[in-house]
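Thanks for coming. I will go through the contacts in one model, part by part, and then stop.

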Number of protein chains: 2
Amino acid sequence: MSTFVRGNKDLIRAINRNLILNTVRRHGALSRTQITEISRLSVGAVSQITNELLTDQWLLQSGEGDYTGGRRQTLLRLNPAAGCAVGVKLMERRIVCALTDLESRVLRYFDTPMPPEQDPSLIAAALADAVETTVASSGVERGKLLGIGIGLAGVSSPQTGVVHYSPFFGWRDVPLADLVRVRLHLPVYMENDVNTLTLSEMLFGAGRHIDNFAVVTIGRGIGMGLVVNQQLYQGATGGMGELGHITFDPAGPLCTCGKRGCLEAFAADPAVIAYVRHSRSALDAPRTLDDVIALANGGDALARAALARSGEILGIGLATVVNLLCPSLLIVSGEGVTAGDYRIAPMLEALRTHTFNGLLDDVQVIVEPTDDQAWARGAASIVISKVFESPLIEAGATA
Amino acid sequence: MSTFVRGNKDLIRAINRNLILNTVRRHGALSRTQITEISRLSVGAVSQITNELLTDQWLLQSGEGDYTGGRRQTLLRLNPAAGCAVGVKLMERRIVCALTDLESRVLRYFDTPMPPEQDPSLIAAALADAVETTVASSGVERGKLLGIGIGLAGVSSPQTGVVHYSPFFGWRDVPLADLVRVRLHLPVYMENDVNTLTLSEMLFGAGRHIDNFAVVTIGRGIGMGLVVNQQLYQGATGGMGELGHITFDPAGPLCTCGKRGCLEAFAADPAVIAYVRHSRSALDAPRTLDDVIALANGGDALARAALARSGEILGIGLATVVNLLCPSLLIVSGEGVTAGDYRIAPMLEALRTHTFNGLLDDVQVIVEPTDDQAWARGAASIVISKVFESPLIEAGATA
DNA sequence: AACTAACTTCTTTCACTGAATGAAATAAGT
DNA sequence: ACTTATTTCATTCAGTGAAAGAAGTTAGTT
């Protein structure tokens, strides 16, 4: 139930401050005159607000413009150091933190193991410690920290900050955001891990300035993130994007989730590895996807077939996404896309074959691998995105 | 590329006018004091704006409130006759028009056949004529007409008003909205037909006040409409919701779209009918879905099996929607849901079976049939929704 | 029964605030 | 002298909230 916004002077100011901030963020260094033209605000308003933003250190002077016949323009740009955020990727046995500035540049990266622990408050404490260590060792003022973003696998609600289900820790309805917040006294945002990556693409990656796009991750599982009207789609309760668990064949093998014939059970990395292992002696059986790729590169027909079949089925899954949602951009990412042409070429081929009637013509497809740092950076960008979010959108933080 | 909004006094006024209008629309008859409480606006602002809306005839006085110890409240309510809209469902051989008031009540319904014509400008002319006839015969002032909404099958772009592909007329990139607009001199909005129904559900049906939901229509084809954050999702180019053309079995039969194994080729009404016809003499072979249902009711095992199989596959399609998008509500509609328990029960069963891990717990499922009037009413509600839309959202009309 | 005073609540009025606006003034260069 | 960038400033107007005004009921009095 979205609440309506009430209009008053404060709102106007907030809108225009935000407008100028975003204008500068988008276009880089701009003069006040250029801001006036782009934002369509009056010169007076731009003058007053930019000077306010300069005193608040949100903007910086950055040299002068070219000579165009009169007084030179004073160029203004965003101060990336005006604030920072820590993004956390929480995994089964590791906590990965990334401290970024406003432009999402990683200033400090911190990767620490975690004891095999399941108790929510102990994990929250470990997480808060990792964040404090990251900040302390970075040299950045603690006061500049705008908030924390946490990304973790499973189903969680960003609105309430509750983890409804975590496959790693076996949690049910754990208020993780609250547990961390009371330790750090900062706004804490939480997201599905795929969504953090999606946000990162939306803000700083290929999805910049694109209204509607989808991110599909391939690895141990298959996930999906969705951007709709420049906003991250979060489903009703945060549970969404279970692309890996759509039914591919109702008569197929049992999946880890208990259902039969999930896409994941056919086409995710473990399925590919298992497929090759079955017909091999225990000695030279592949243990990781990289092993399979090595075999395929070495000419192994079975490994090539396994990768090709996985690719084809993934392509059908991607086609389902395109048919249902028709995004302008489809980003395929995750550890699994390193598998090279043996997997990716059949995937793109199947995507084309199974997409409805010319729908793909307007869809750009990008394949790119990721690493842990990208995920953590994405988690940090949740916080950054809130900072630049229009005041018209209700803030959904646990602040 | 969404443009940012600039804040000024006009915007404030527009926001608050809209806020009050929507407050009254939601809550029914309200006094100024009550509006003040709900909208959190100051008494002064409410007084001024409501009086402005009264002079503009957008609001009406509607009696007095109960005695609460002092002066009685003057109740205000929305004037449903402040404006009206015509919704058009454009079909292969018929034009169906519905003239509705602001509360989406149908004031006039007009159904007229169309010659087997394909030329865009002739069809646009016929459409404009049908609209004029509808308005003239309704007795409503022409000046009250706020706009036209057109719903038609195929792929069209609401932003530009261009029909990219129409299965009925074989069109490619026809600027239908423009063709109609120059004849009527009114804003013309266009949508996929399923989206018009979705909008109708969002504004006046089961989807009222629900942020995220999906509408799936079953009939000759299988379509889907999506509401995200209280907004209709329109994909990148308007082409979306092709649930009927996701691949169910890559080795399946050829679909009308040219692909193999589409959901539609397995589970839409024509597939059910064909399935039963094959094993019957030409004489008592069913020609419509109703024939099949009659056979099933009469005890025919084959008809029952055909319906059950169709239902099961539909259920898998619905599960795909839930797995990917996790809406709070799923509305199943269209002519095909009249098929009763032989089809619907297996469908719901399959939906449950193929949905990921408790994701369905929070999803409400509603099955309800529709008729042509509902579609046309939905098309009209596009216009109505624009009228009440927040001024913060860029209007995407061909106005 | 008629009238009045007291009281309560709803609605309007009005002085005030502050943000955008745009013209004019000022600054800063060639 | 000229051009362009930026600031200043009087003006406008929407929201704010206190106070005034309007409109009703109740209780007490005549």
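The contact between chain A and chain B draws on 62 residues from chain B and 62 residues from chain A. This is a predicted model, so please hear every value as computed. Interface size is often quoted as the accessible area lost when the parts come together. For chain A and chain B that area is about 5400 Å², with 64% of it on carbon and sulfur atoms. On the chain B side, the residues that lose the most area to chain A are Phe4(B), Leu324(B) and Phe356(B), and together they make up 13% of what that side buries.

Now the polar part of the interface. Between chain B and chain A there are zero salt bridges. The count of residue pairs in polar contact is twelve, taking pairs with both residues at pLDDT 80 or more.

Which elements of chain B give two or more residues to the side that touches chain A? They are α1 (9-27), β13 (222-228) and α10 (301-325). Of these, α1(B) gives the most, with nine residues. By class, the chain B side divides into 28 nonpolar, 25 polar and nine charged residues.

Next, the inside of chain A. The domain assignment gives domain 1 as 9-78, domain 2 as 83-201 + 374-388, and domain 3 as 207-367. I will take domain 1 and domain 2 here. Over C-alpha atoms, the centres of domain 1 and domain 2 of chain A are 32 Å apart. Six residues of domain 1 are in contact with five residues of domain 2. The area buried between these two domains of chain A is about 550 Å², and carbon and sulfur atoms give 66% of it. In domain 1, Arg25(A), Trp58(A) and Leu78(A) lose the most area to domain 2, and together they account for 69% of what the domain 1 side buries.

Between domain 1 and domain 2 of chain A there are zero salt bridges. Two residue pairs are in polar contact across that interface, again with both residues at pLDDT 80 or more. Helix α1 of chain A, residues 9-27, supplies the largest share of the domain 1 side, four residues. That side has three nonpolar, two polar and one charged residues.

Last, the DNA. There are 33 residues around DNA strand D, and those that come nearest are Gly70(A), Thr74(A), Lys9(B), Asn16(B) and Tyr67(B). What part of DNA strand D do its atoms within 4 Å of the protein belong to? For 70% of them it is sugar or phosphate, and the rest belong to bases.

Arg6(A) has a polar side-chain atom 2.9 Å from a phosphate oxygen of DNA strand D. For Lys9(B), an N or O atom of the side chain is 2.7 Å from a base oxygen of DNA strand D.

The elements that each supply at least two residues of the surface near DNA strand D come from both chains: α2 (32-39) and α3 (43-55) of chain A, and α1 and α3 (43-55) of chain B. The surface near DNA strand D divides into seven nonpolar, 16 polar and ten charged residues. That is the end of my part.

How values were computed
Residues are numbered from 1 along each chain as its sequence is written. Chains are lettered from A and ligands numbered from 1 in the order in which they are written. Side-chain values use heavy atoms; hydrogens and water are left out. Contact means heavy atoms within 4.5 Å. Buried area is the accessible area (1.4 Å probe) that two parts lose on being put together, summed over both. A salt bridge is a side-chain nitrogen of Lys or Arg within 4 Å of a carboxyl oxygen of Asp or Glu. A polar contact is a pair of N or O atoms within 3.5 Å; within protein, one must be able to donate a hydrogen and the other to accept it, and residues adjacent in sequence count only if both atoms are side-chain atoms. Ala, Val, Leu, Ile, Met, Phe, Trp, Tyr, Cys and Pro count as nonpolar, Asp, Glu, Lys and Arg as charged, and the others, Gly among them, as polar. Domain bounds come from an automatic or database domain assignment. A residue is near a molecule or strand if one of its heavy atoms lies within 4 Å of it.
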